[in-house]
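Please have a look at the sequence and the fold before going on.

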Amino acid sequence: MNKILIANRGEIAVRVARTCREMGIRTVAIFSDADRAALHVRCCDEAVRVGPPASRESYLAMDNVIAAARQTGADAIHPGYGFLSENATFARACAKAGLVFIGPPPEAMEEMGEKTRARRKAIEAGVPVVPGQKEPIPEGGEAKAKEFALGIGYPIMLKAAAGGGGKGMRLVEDPKDFDSAYATAQREALSAFNDGRVYIEKAVSRPHHIEIQVFADTHGDAIWLGERECSVQRRHQKVIEETPSAIVTPQLRAEMGRVAVNAAKAVRYVGAGTCEFLVDGHTRNFYFLEMNTRLQVEHPVTELCTGLDLVRWQIEIARGGRLPWTQEDVLKNLRGHAVEARIYAEDPARNFLPSPGTILELRLADGPGVRNDCGVESGSEVPRYYDPMIGKLACFAQTREEAIARLHRALGETVVKGITTNTSYLRGILELEEFRKGDYDTGLLARGADRLLPKAQEGAALTEDEELALAAAAIWQLEQDQKLAAPPVAQEQSAWARAGRLSALRRSR
Amino acid sequence: MKYHAIVRGQEHTVEIAPQEGKYRVVIDGKELLVDAVHLKGFAVSLLSSARSVRCDIEPGKDGQLSVLVGETVHPLELLDERRLRLRKASGKFSMEGPQRVDAPMPGKIVRVLVKAGDEVAEGQGLVVVEAMKMENELKSPKAGKVTELHAVEGAAVESGAKLVVVA
């Protein structure tokens, strides 16, 4: 494996390219017309246009992606997450084109990738699951589906059969909302996964969303790499993830790990995978939700607490290598605490309205225990066509308390100008008492919503910070007004412009 | 130089003059002596008394500025005499009269929920705009009648495009 095409964009494409570079593997980026100037294009050795901005015509266009790999002589494709990463048809097309797909075999993807099949498989393997439909709702099957929903009792969840990442997922609390929620879930599922099928599951109240990272090689070995607590969710989108979970005891971890590894082995899984579980907040019973057959967005927290590079492992295993660690090695090496926050181009004060646009300036956090996985830089355009996540900020420390304080500090250092991001909202979450205590369920953000919105300053008097803001604004405005009044010679000149002018002068002589 | 500032809906006066390499800033009669260094981009480093802060300034339209002090963004308006007069002549920020509903971000119109001439209630959904795979329902700012409808299903719109007028 000498050259890998990275079939993705944004931060994950940048992240995969980094490991490839460390391993001496050449990289090929793909880009849509909206992403010609994107950071991931510059992080790779080669880059190929795959179509117009709409994902369906570019990042999801299998023929174009495979053609790009052939054209550049790549011998493998890393799909990242989202887009084609859990598409078995694509994995097969790669194999047919003589390309290594860095992920599980298509059969395992089909068995685990489609949620309803995964549930059946889990039931066969004796893994506990949440009550729900075993098949997606067929066309024209709404009436029967509604009957089923009444049977298991509201509230219910509508979930995309092909789904993941919270897209095409709706909580329905009342039968009268079924139709509109069903239509929305189908539309979102179709747009995100090119597959509009949806199924019903009973909604578990006050659940923890905890997942187990598993790894399997082509020699039949599989291990787990600890859990990730992903219960900080807004509308089923993960916002903050951490490892270890405050509610998972060593016994529970071992038990969930064992079940996850069994699930992976049952489908002859290969590579990085994640088993998602709902854990009952009271009884600590856990239910298998689904297996994500790809690298997860939140994989950095596992990397921080294991010291591993999961992308390197993915590549080594795709090359036919053995797992470098045994389960005992994992237990010996798990250490510290890691927390990750997802930075979204959205405005929490305006109902989380997406905020695409040009980033005028970007300052990333630094210092001890800080890791940035960022897909943009100063001057980057955040296109309106794709997911609003522009990067992830993860922090590591010896204890949970320190890791949270560190992430809080690092989010404060993060400045994104030109577009609105959720950094202060993220800081607000870290300040919530319920989060600090560690035993929080997926309802955390809904319950804390009022406290998480920017608080209006009380009273007419200016605060000290407002006075400083006004002073800064006035100093800046005075400068602007004076610039306008001053002759243009006073304008700052860039070194490039000066060099250009000089060489032009020399030529004219 | 004298500026008029609006912070949280309240008007303030800000006078500024260079003084011994620093700036003398008088806000509503309160005097500050501020040492300022201009940084790259729209940013200044301020020393006021002994306090050291970095202020990032993001200019908007019509004198609107967002000033980041430490970790908090302060939206404010800074106007000179002329701009203040213009602002006062045009500035009506009540819900009386026709209200425009504009596209809050660039995106695509996925659904139009009303027709021209429809009576709508305050908070009723008018148009659904999709951007970044998320659907956003734009609601009516007041009860009234849809007098203009510019939103077309399937059309791409730029930020600030006029979609609906409710009168």
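A:N194 sits in the loop that links α8 to β8 (198–202) of chain A. This is a predicted model, and in it the phi of A:N194 is positive, near 65 degrees, although the residue is something other than glycine. Is A:N194 buried, partly exposed or exposed? It has 14 C-beta neighbours inside 10 Å, so it counts as partly exposed.

A:F83 also has a positive phi without being a glycine, with a value of about 40 degrees. Its place is the loop between β4 and α4 (88–96) of chain A. Around A:F83 there are 24 other C-beta atoms within 10 Å, and the cut-off for burial is 20 or more, so this residue is buried. As background, most residues other than glycine have a negative phi, and most peptide bonds are trans.

A:P155 belongs to the loop between α7 (142–152) and β6 (156–160) of chain A.

Another cis bond runs from A:T243 to A:P244, with omega near -5 degrees. Here the proline, A:P244, is in the loop between β11 (237–243) and α9 (250–266) of chain A.

## An open parallel sheet in chain A

Chain A contains an open sheet of 5 strands in the order β3-β2-β1-β4-β5, with parallel pairing. Which strands stand at the edges? They are β3 (46–51) and β5 (100–101) of chain A; each has a single partner strand, so one side of each is left without a neighbour in the sheet.

Helix α1 (residues 10–22) of chain A packs on this sheet and touches β1, β2 and β4 (76–78) of chain A. The direction of α1 makes about 170 degrees with that of β1(A). Within the sheet, strands β1 (residues 3–6) and β2 (residues 26–32) of chain A run parallel and are joined by 4 bridges. In one of the pairings between them, A:I4 has A:T27 in β2(A) as its bridge partner.

## Nonpolar cores

The largest nonpolar core has 140 residues. Those with the most contacts inside this core are A:L5, A:I6, A:I77, A:V214 and A:A260. Leaving aside residues up to four places away in sequence, A:I6 touches A:A13, A:V16, A:A17, A:T27, A:V28, A:A29, A:C44, A:H78 and A:G80.

A second, separate core has 33 residues, and it includes A:A469 and A:A471 together with B:V67 and B:L76. In general, nonpolar side chains tend to be buried together in soluble globular proteins.

## Where the chains meet

How many residues of each chain take part in the contact between A and B? There are 34 from chain A, in contact with 45 from chain B. On the chain A side, the elements giving two or more residues are α8 (178–193), β16 (353–354), β22 (415–417) and α18 (464–485).

Of these, α18(A) gives the most, with 15 residues. The residues on the side of chain A that touches chain B divide into 19 nonpolar, 5 polar and 10 charged.

Chain A has 19 helices and 22 strands. Its C-alpha atoms fill a box of roughly 80 × 65 × 55 Å along the principal axes. Buried residues make up 52% of chain A. Among its contacts between residues at least 6 apart in sequence, 64% join residues at least 24 apart.

Chain B has 1 helix and 16 strands. Its radius of gyration is 21 Å, well over the 15 Å that the globule rule gives for 167 residues, so chain B is more spread out than a compact globule. The C-alpha trace of chain B spans about 65 × 35 × 20 Å along its principal axes. In chain B, 29% of the 167 residues count as buried. Of the contacts in chain B with a separation of 6 or more, 40% are between residues 24 or more positions apart.

Definitions and conventions. Residues are numbered from 1 along each chain as its sequence is written. Chains are lettered from A and ligands numbered from 1 in the order in which they are written. This is a predicted model: local features need pLDDT of at least 70, side-chain atom pairs count only at pLDDT 80 or more; totals for chains, interfaces and linings use all residues. Two strands pair if DSSP finds at least two bridges between them. Two residues are in contact if their C-beta atoms, placed from the backbone, lie within 7 Å. Axes are lines fitted to C-alpha atoms, for helices over the stretch in contact, and angles run from 0 to 180 degrees between N-to-C directions. The radius of gyration is taken over C-alpha atoms; the globule rule is 2.2 Å times the number of residues to the power 0.38. A residue is buried if 20 or more other C-beta atoms lie within 10 Å of its own, exposed if 12 or fewer, and partly exposed in between; C-beta atoms are placed from the backbone. A nonpolar core is a set of buried Ala, Val, Leu, Ile, Met, Phe, Trp, Tyr and Cys residues joined through C-beta atoms within 7 Å. Ala, Val, Leu, Ile, Met, Phe, Trp, Tyr, Cys and Pro count as nonpolar, Asp, Glu, Lys and Arg as charged, and the others, Gly among them, as polar.
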